[in-house]
Amino acid sequence: SFPSAAAESAAFKRPSRPLPAAPRAAEGGEPSPPPPPRPAAAPVAPRYEEPPWGSRPPAGAGYGLEVLKGGVALGSVRLEGRSWFLVGRLPGCALALEHPSVSRHHAVLQYRGAGCSPDSPSGADAAGFYVYDLGSTHGTFLNKARVPPRTYCRVRVGHGLRFGGSSRLFFLQGPKEDQESESELTVTQLKALFKQQQAKLEKTMLGEDSDEEDEKERRSERSQNTDMSCSWGMGEDAEEDGVEENPIAIDFQDVQDAFYMKDPRKALQGFFDREGEELEYEYDDRGHNSWVCKIKLPVDDASGKQLVAEVLHSGKKKEAMIQCALEACRLLDARGVLRQEAVSRKRKSKNWEDEDFYDSDDDTFLDRTGAVEKKRLNRMKKAGKIEEKPETYDSLITKLNEAENELSEITEKLKASGKVQSQPAAQDSLDEFMTEIKSGCTLDSVARKKLHLRSFELKKEQQRLKGLIKLVKPAELPELKPQ
């Protein structure tokens, strides 16, 4: 049975509030004007107040910032027309950076004129640019050292600045008078001077009446006010500080952490030697000075797959190798196998002699570069199966003659095959093919490519041998005359 129309109308209820009416036209038939637009938000002003000693740099000084990224110059920014320049992520900054680690208002470059205030060091040495960090999250770095927040630090011509985690470097350019003079102190004296400056800076940041000095004064007052009664070892001087850490445990932890942090490549090579495996670094050039480095570890993960350490690094190839070795050490140390001995491990060292020094993954048929044979020769050398004899002048001359003879034979083969291909076909194609086979001059495209590649390798080897022969060539001494 279906509900009737009356029941449906009774079940439907009108809304308690009327629906908003459509905008009506004005009396003249014209539509009502649109609502006024909201006013745009005012730009956030930086929390920075220029000091009284701030002034504009001289017009002809030529101050500016040279921008570098990955060793490539991207451009320069002129520092002129104002006394201070704001660095941040907002578009209104004088030096706007789009890196996410840069704060909206990150730092300020403030210029100081020659006229100094009475309480500051006077002279022309104080005039120049200063960097002032505005309490940024990821910090400001001057010559790879992080500057303290809300403190003016002198920036001279040639000094480098870096903001947050951005890889861009900004080098101050300007007159030669603003360059830092060469110090006559030794490296040890400079390190001691740097420590003194750091201690002085920490003291000024903490204040004269720091918490440590207050604690010392309280202890002295307690020692003076103690009575002469017996405390049974439970006096105030017997209280233990629960926050204090064991210095021996700290040193031990530092040693454990520094086990592979100091030299990750050496630590990883030792692990591979104990496991009887061969350490190989695989590189992939991604362009723009960036590398992907991989290391296949002789350890399986939870799913039974081989563990691989992979790192993407922007910089030098050697730095990518170090970072990948460090990542591999972290993975192995997290599983507790980096510091174990080879006896306690499930994997045993391979017996390369049983497999003729070939790996199970090596395929000589698919190898076109000779890398498999090179690895096999290296394994045989490590096992002591091949005796490496030192090269002498005579042995180098013999190798050079062999390389030159092989190179001349390859050149003759290539010339002969070229003459055969250039000659017109005077007979049937099958007869011509059989004639070429009998003569031995026929070469297909694959064989020609192999010969060209071999000739290129022989030319390189010829240059190398000639350079070594020049080094080991015996000196021509005059003949000995009898007395």
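Me: Which residues is Asp178 in contact with, leaving aside its neighbours within four places in sequence?
Reply: In this predicted model, Asp178 is in contact with Tyr63, Ala127, Gly128, Arg154, Val155, Arg156 and Val157.

Me: Where does Asp178 sit, and is the residue buried or exposed?
Reply: Asp178 belongs to the loop between E11 and H2. Its relative accessibility is 4%, so Asp178 counts as buried, the cut-off being under 20%.

Me: What joins the side chains of Asp178 and Tyr63?
Reply: The two side chains are joined by a polar contact of 2.9 Å. Tyr63 is also listed among the residues in contact with Asp178.

Me: Next, Phe170. Where is the place of Phe170, and what does it touch?
Reply: Phe170 is placed in strand E11, which spans 169–173. Not counting residues up to four places away in sequence, Phe170 touches Leu65, Glu66, Val67, Leu95, Leu97, His159, Gly160, Leu161 and Phe163.

Me: Why does Phe170 count as buried?
Reply: Phe170 counts as buried because its relative accessibility is 2%, and buried means under 20%.

Me: How many residues apart along the chain are Phe170 and Lys69, and what separates their C-alpha atoms?
Reply: They are 101 residues apart along the chain, and their C-alpha atoms are separated by 9.1 Å.

Me: What about the C-alpha atoms of Glu80 and Gly60?
Reply: Those C-alpha atoms are separated by 9.4 Å, with the two residues 20 apart along the chain. Glu80 lies in the loop between strand E2 (72–78) and strand E3 (84–88), and its relative accessible area of 48% makes it partly exposed.

Me: Changing topic: which residues make the nonpolar surface patch?
Reply: Leu185, Leu190 and Leu193 make this patch, which covers about 220 Å². Leu185 is in the loop between strand E11 and helix H2 (187–206).

Me: Which value is phi of Lys144 near?
Reply: Phi of Lys144 is near 70°, a positive value in a residue other than glycine. Most residues other than glycine have a negative phi. Lys144 is placed in the loop between strand E7 (140–142) and strand E8 (145–146), and is exposed, with a relative accessible area of 85%.

Me: And phi of His288, near what value?
Reply: Phi of His288 is near 55°, again a positive value in a residue other than glycine. His288 is found in the loop between strand E12 (282–287) and strand E13 (290–300). With a relative accessible area of 83%, His288 is exposed.

Me: Finally, the whole protein. How many helices and strands are there?
Reply: The protein has 10 helices and 14 strands. Of its 483 residues, 25% count as buried.

Me: What does the accessible surface come to?
Reply: The accessible surface comes to about 36800 Å², and 52% of that belongs to carbon and sulfur atoms.

Me: Among contacts between residues at least 6 apart in sequence, how many join residues at least 24 apart?
Reply: Of those contacts, 51% join residues at least 24 apart.

How values were computed. Residues are numbered from 1 along each chain as its sequence is written. This is a predicted model: local features need pLDDT of at least 70, side-chain atom pairs count only at pLDDT 80 or more; totals for chains, interfaces and linings use all residues. Side-chain values use heavy atoms; hydrogens and water are left out. Patches are made of residues with over 30% relative accessible area and no salt bridge: like charges are joined within 9 Å, nonpolar side chains (Val, Leu, Ile, Met, Phe, Trp, Tyr) within 5 Å. Accessible areas come from the Shrake-Rupley method with a 1.4 Å probe; for residues, only the protein chains shown count as cover. A salt bridge is a side-chain nitrogen of Lys or Arg within 4 Å of a carboxyl oxygen of Asp or Glu. Helices (H or I, at least four residues) and strands (E, at least two) are DSSP runs, numbered from the N terminus. Buried means under 20% relative accessible area, exposed over 50%, partly exposed in between (1.4 Å probe, protein chains only). A polar contact is a pair of N or O atoms within 3.5 Å; within protein, one must be able to donate a hydrogen and the other to accept it, and residues adjacent in sequence count only if both atoms are side-chain atoms. Contact means heavy atoms within 4.5 Å.
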